[in-house]
Amino acid sequence: MSDENKTAKVEPLRKMRPCPECGKPSHREHYPFCSNRCRELDLSRWLSGLYAIPVADDEMKADYKDEE
Ligand SMILES: [Zn+2]
């Protein structure tokens, strides 16, 4: 008969994602980052991004005032 049924489904190995912060191979303990430092770096950047929104709005008001 045919050998087609013999073909086992080979699942691809989990690809190691590079650290989103520095591009190094991620560490299992700090997935998806390579280290605890990079994880905190990403977190602080995310938080600062949130705080940046009201600051930008403030700058626009200041610019408007300047025209008077
Ligand atoms: Zn990293």
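Helices here are DSSP runs of H or I with at least four residues, and strands are runs of E with at least two, numbered from the N terminus. With that settled, I looked up the count for the protein chain and noted 1 helix and 0 strands.

A note to myself on the source: this is a predicted model, where local features need pLDDT of at least 70, side-chain atom pairs count only at pLDDT 80 or more, and totals for chains, interfaces and linings use all residues. Residues are numbered from 1 along each chain as its sequence is written.

**Whole chain**

I checked burial next, calling a residue buried if 20 or more other C-beta atoms lie within 10 Å of its own, exposed if 12 or fewer, and partly exposed in between, with C-beta atoms placed from the backbone. Of the 68 residues in the protein chain, 6% come out as buried. For contacts I used C-beta atoms, placed from the backbone, within 7 Å of each other. Among contacts in the protein chain with a separation of 6 or more, residues 24 or more positions apart make up 0%.

**Cys 19**

I found Cys 19 in the segment before α1. Is Cys 19 buried or exposed? Cys 19 counts as buried because it has 21 C-beta neighbours inside 10 Å. Setting aside neighbours within four places in sequence, I listed its contacts as Lys 24, Ser 26, Phe 33, Cys 34 and Cys 38. I also took the C-alpha separation between Cys 19 and Tyr 31, which is 8.1 Å for 12 residues along the chain.

**Cys 22**

Cys 22 also lies in the segment before α1, a helix that spans 36-66. I see 12 other C-beta atoms within 10 Å of Cys 22, so this residue is exposed. Not counting residues up to four places away in sequence, Cys 22 touches Cys 34 and Cys 38. From Cys 22 to Phe 33 I read 8.6 Å, C-alpha to C-alpha, across 11 residues of sequence.

**Tyr 31 and Pro 32**

Most peptide bonds are trans. The bond joining Tyr 31 and Pro 32 is cis, with omega about 0°. I placed Pro 32 in the segment before α1.

**Asp 42**

My last stop was Asp 42, which sits in helix α1. Asp 42 is partly exposed because 15 other C-beta atoms lie within 10 Å. Which residues does Asp 42 touch, not counting those up to four places away in sequence? I noted Pro 20, Glu 21 and Phe 33. Asp 42 and Pro 20 are 22 residues apart in sequence, and their C-alpha atoms are 8.2 Å apart in space.

Notes:
Two residues are in contact if their C-beta atoms, placed from the backbone, lie within 7 Å.
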